[in-house]
Amino acid sequence: MRGHRLARTLGRDPHETFRGASPLELLFDLTFVIAFGVAGNELAHFLADEHFGAGVGGFLLAVFAISWAWINFSWFASAYDTDDWIFRLLTMTQMVGVLILALGLPDMFDSFEHGAHIDISVMVLGYIVMRVPMVFQWARAARQDPAHRGACEAYIVTILVAQAGWVALLFAPTPLGLTLVFVVVLVLIELAGPVIAETRRGGTPWHAHHIAERYGLVIIIALGEGLIGTMASLSALVGPEGPGWSVDVAVVGLAGTALTFGMWWIYFIIPAGEVLHARRERSFGWGYGHIPMFGAVVAVGAGLHVAAYFIDGESQLGTLGTIVAVAIPTAIFVVGVYWIYSALTRSRDPFHLALLVGSFAVLAAAVALAATGGTMAWCLLVLALAPWVT
């Protein structure tokens, strides 16, 4: 029985055995199911309407905002999960901030389409709600854990500077192009914070196996979007206005599930926790490299959702465009798997290059089949084989 009384915010033992995700962390992750779902749905709508620039631009910003919110909490919790009542209430407040962030995503996507400015007002509000308790958490750790005070203070400073920049951006009447420049600068400031804290100010006692498990759980959350996209395609086929049960229904179901399962399989081949435990300094390439991977997995689900729109007659894209919408993020994910492996092991294996070539050959075959008049179902089935090469 745990009383959840007030506890000192001391760094946890980075060599602690059997350290896994807590029930609170799993609950916290559920808010990101919603956020990634909203981002994926918006991307699918924009791609189906052939608004590629607005859809992709909005999605890139959404993926960074969602992923960075999760990263901010998860690395702190890996080092300072006291699980007392203050930690729990502050985490609940951050969950509210994530939901507010998700509510602001549609307005941000729409503002990309209109081209005058980027509307991130609700998203910034969500970040403020998240970051007030986050700064309090770091300040609490800085006060109660003198051994890691320098790193905690570095996190506080960079979080406040970056957040002040996002708030200032709300009141800057800049055109879209200049706004994007400011966004890039602020993103770089965000990314620099952990680098400074962990390499220049002593670092924090995060747990390698724990953080590897946490990233894996987010990959699984994102893969759920692929299953949702598959279910949407199946519903379009067997629904009241669809053609009904047929061989194509079985092929689409198999293709979507096989693609999702193959992506899951190749990601969890990599023993990230063991390598990070031995080479903690390699965490940045691995951790930051996951941001585009999170986006790629969600985008695969969005592409499968576009396939559902195509089957339902609600998409402006043809078979070729729809297959490309799934093939591109699949390719990014496969490359990402090899990138994080390389970032961890500092190795180059010629055989891996052959596997990448084989994966791209499968993707090219799916696109070629679509270009020559192949049906959606069989094109998806060929495409689904890409991760199975690895």
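This is a predicted model: local features need pLDDT of at least 70, side-chain atom pairs count only at pLDDT 80 or more; totals for chains, interfaces and linings use all residues.
E16 is partly exposed, because its relative accessible area is 27%. R12 is also placed in the partly exposed class, at 23% relative accessibility. R12 and E16 belong, together with D81, to a network of salt bridges. The count for the model comes to nine salt bridges.

## A salt bridge between distant parts of the chain

R201 and E153 form a salt bridge in which the closest N and O atoms lie 3.9 Å apart. This pair links distant parts of the chain: R201 is in the loop between α6 (176-199) and α7 (208-238), while E153 is in helix α5 (residues 149-170), and 48 residues separate them. R201 has a relative accessible area of 40% and is therefore partly exposed. E153, at 36% relative accessibility, counts as partly exposed.

## Surface patches

A negative surface patch is formed by D49, E50, D107, D110 and E113. One of these residues, E50, is found in the loop between α1 (23-48) and α2 (52-80). E50 counts as partly exposed because its relative accessibility is 40%.

There is also a nonpolar surface patch of about 800 Å², made by I220, F261, W264, W265, F268, I269, L385 and W388. Helix α8 (residues 247-267) supplies the largest share of the nonpolar patch, namely three residues. W388, another member of the nonpolar patch, is found in helix α14 (residues 386-389). With a relative accessible area of 39%, W388 is partly exposed.

## Aromatic pairs

How many aromatic pairs does the count give? The count comes to 25 aromatic pairs. Among them, F28 and F32 form a tilted pair, with 5.2 Å from centre to centre and 55° between the planes. An angle of 55° falls in the tilted class because stacked planes are under 30 degrees apart and edge-to-face planes over 60. Both F28 and F32 lie in helix α1, four residues apart, which is about one turn of the helix. F28 has a relative accessible area of 1% and is therefore buried. F32 likewise counts as buried, at 2% relative accessibility.

W70 and F294 form an edge-to-face aromatic pair, with 6.2 Å from centre to centre and 85° between the planes. This pair links distant parts of the chain, with W70 in helix α2 and F294 in helix α10 (residues 283-311), 224 residues apart. W70 and F294 are both buried.

## An aromatic cluster

Which residues do ring pairs link into a cluster? The cluster consists of F28, F32, F73, F76, Y80, F87, W138 and Y155. The tilted pair of F28 and F32 is thus part of a cluster that also includes W138 and Y155.

Terms used: Residues are numbered from 1 along each chain as its sequence is written. Side-chain values use heavy atoms; hydrogens and water are left out. Patches are made of residues with over 30% relative accessible area and no salt bridge: like charges are joined within 9 Å, nonpolar side chains (Val, Leu, Ile, Met, Phe, Trp, Tyr) within 5 Å. Accessible areas come from the Shrake-Rupley method with a 1.4 Å probe; for residues, only the protein chains shown count as cover. A salt bridge is a side-chain nitrogen of Lys or Arg within 4 Å of a carboxyl oxygen of Asp or Glu. Lys and Arg count as positive and Asp and Glu as negative; His and the chain ends are not counted. The place of a charge is taken as NZ of Lys, CZ of Arg, CG of Asp or CD of Glu. Helices (H or I, at least four residues) and strands (E, at least two) are DSSP runs, numbered from the N terminus. Buried means under 20% relative accessible area, exposed over 50%, partly exposed in between (1.4 Å probe, protein chains only). Rings of Phe, Tyr and Trp (its six-membered ring) pair if their centres lie within 6.5 Å; planes under 30 degrees apart count as stacked, over 60 as edge-to-face and the rest as tilted.
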